[in-house]
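Dear colleague,

Please find below the structure that I am handing over to you. My notes on its ligand site and its aromatic residues follow it.

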Amino acid sequence: LALKKSKGHYLVPYGEYDNIIYENLMNEQLIINNISTSLIHKEFMFYLQPKYDLHRKKIIGAEALIRWYHPQHGHIAPDKFIPSLETNGFILELDKYIWEEVCKTLKKWLSENKPLYPISINVSRIDLYDDTLVEFLQKLLEKYQLPTHLLELEITESAYINDTTQIIEITQKLQNCGFVIIMDDFGSGFSSLNMLKDISVDILKMDLKFLQNKNHPHRSKIIIRSIIQMAEALKLPVIIEGVETQEQADFLRSIGCIWIQGYYYSKPLSIPDYEKLLDTNI
Ligand code: C2E
Ligand code: CA
Ligand code: CA
Ligand code: CA
């Protein structure tokens with residue numbers, strides 16, 4: 001399996017992650033040395049974390065989250081290896097592999113007449129610079145004969161900060177093809193509010209972790225409530241992730257937040273476990 005290397009713009013600095021990378025057992029070189037055999041040996045897989053509708057008390061879909069099971073090092077969390085793969089551009093190869101695995105799974109469910117809910121995939125900001133991205137995703141849906149709405153795309157807010165015009169252009173293209181665009185990690189960056197006027201996005205996804213403020217818990221609530229109100233005025237649906245407690249869920253319900261995801265409802269699940277959940281849901 002050939003791994004395409006460097007285009008100039010793959011080399012985006014990722015300073016905030018440097019410490020994490022070097023503190024942990026997987027250093028960059030080790031990852032690079034391992035990645036191509038890892039792909040061949042299918043050490044990469046994805047888990048599915050359900051998304052729920054609080055009002056209808058129903059699953060509305062799931063997010064595919066990559067998992068690396070390394071023969072020597074065991075499970076390695078995405079935060080440990082994705083930043084390195086983004087720096088050297090290998091992330092594109094890996095993401096494409098995961099997206100295809102997701103499509104295979106959807107296709108399998110389709111042929112088994114299972115209830116079908118969309119799966120969102122994580123698109124790295126590096127992937128957005130690949131000229132073949134749109135075509136690749138379209139061909140994937142064709143290959144597995146899947147309707148576009150089943151594959152949703154999560155793009156982290158920070159992707160929009162550099163090179164905004166290019167990113168806006170590509171997300172618009174993806175939207176024109178019918179893909180639902182979810183702005184991930186909404187609120188974690190600096191220019192979210194200002195960017196919203198220019199960007200074609202279908203859903204905002206906000207992580208409660210960004211807002212947890214032990215000293216001023218009421219402030220977090222005020223901020224969340226204002227974001228929900230603003231999104232409502234902009235007619236943008238919101239999904240809140242990182243919901244860990246009943247109290248959080250009750251609060252979110254009380255302010256009109258309908259879609260949620262988080263450990264309180266479900267951790268990311270293996271495909272068989274997610275399938276069991278789907279079966280009990282109907
Ligand atoms: P993300 O897209 O923001 O995903 C949410 C992360 O929060 C996931 O971590 C998820 O397991 C975790 N999470 C979910 N619910 C809760 C909760 O209630 N509490 C807490 N504390 N955490 C929760 P994970 O799976 O370790 O993934 C980390 C990051 O790695 C993701 O953040 C995403 O940026 C990246 N990632 C994961 N899979 C892929 C992939 O296939 N491709 C790319 N490019 N990036 C991926
Ligand atoms: Ca995500
Ligand atoms: Ca997120
Ligand atoms: Ca994240």
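**The shell around ligand 1**

Strand β2 contributes the most to the shell around ligand 1, with 4 residues; strands (E, at least two residues) and helices (H or I, at least four) are DSSP runs numbered from the N terminus. Please note that this is a predicted model, in which local features need pLDDT of at least 70 and side-chain atom pairs count only at pLDDT 80 or more, while totals for chains, interfaces and linings use all residues. Residues are numbered from 1 along each chain as its sequence is written, chains are lettered from A and ligands numbered from 1 in the order in which they are written, and side-chain values use heavy atoms, with hydrogens and water left out.

Ligand 1 is surrounded by 22 residues, of which Gln49, Arg67, Asp95, Glu244 and Tyr263 are the closest; a residue is counted if one of its heavy atoms lies within 4 Å of the ligand. By type, the shell comprises 8 nonpolar, 5 polar and 9 charged residues (Ala, Val, Leu, Ile, Met, Phe, Trp, Tyr, Cys and Pro count as nonpolar, Asp, Glu, Lys and Arg as charged, and the others, Gly among them, as polar).

Glutamine 49 places a polar side-chain atom 3.0 Å from a nitrogen atom of the ligand. For lysine 209, the distance from a polar side-chain atom to a ligand nitrogen is 3.3 Å, and for aspartate 185 a polar side-chain atom lies 3.3 Å from a ligand oxygen. On its own, ligand 1 has 800 Å² of accessible area, and the protein covers 85% of this (Shrake-Rupley method, 1.4 Å probe). The elements that give two or more residues to the shell are β2, α3 and α4 (91–111).

**Aromatic pairs**

The structure holds 7 aromatic pairs. Rings of Phe, Tyr and Trp (its six-membered ring) pair if their centres lie within 6.5 Å; planes under 30 degrees apart count as stacked, over 60 as edge-to-face and the rest as tilted. The pair of tyrosine 52 and tyrosine 265 is tilted, because the planes stand at 40°, with the ring centres 5.5 Å apart. This pair links distant parts of the chain, 213 residues apart: tyrosine 52 belongs to strand β1 (residues 44–53), and tyrosine 265 to the loop between β9 (259–260) and α10 (271–281). Tyrosine 52 is buried at 14% relative accessible area, whereas tyrosine 265, at 28%, is partly exposed (buried means under 20%, exposed over 50%, partly exposed in between; 1.4 Å probe, protein chains only).

Tryptophan 68 and phenylalanine 81 form an edge-to-face pair, at 5.1 Å between centres and 85° between planes. Here strand β2 (residues 58–70), which holds tryptophan 68, is linked to helix α3 (residues 78–88), which holds phenylalanine 81. Ring pairs join Phe44, Trp68 and Phe81 into a cluster.

**Tryptophan 68 and other contacts**

Tryptophan 68 is buried, at 0% relative accessibility. Its side chain makes a polar contact of 3.0 Å with the side chain of glutamate 43; such a contact is a pair of N or O atoms within 3.5 Å, where, within protein, one must be able to donate a hydrogen and the other to accept it, and residues adjacent in sequence count only if both atoms are side-chain atoms. Aspartate 53, in strand β1, is buried at 5%, and its side chain reaches the backbone nitrogen of histidine 55 at 2.9 Å.

Yours sincerely
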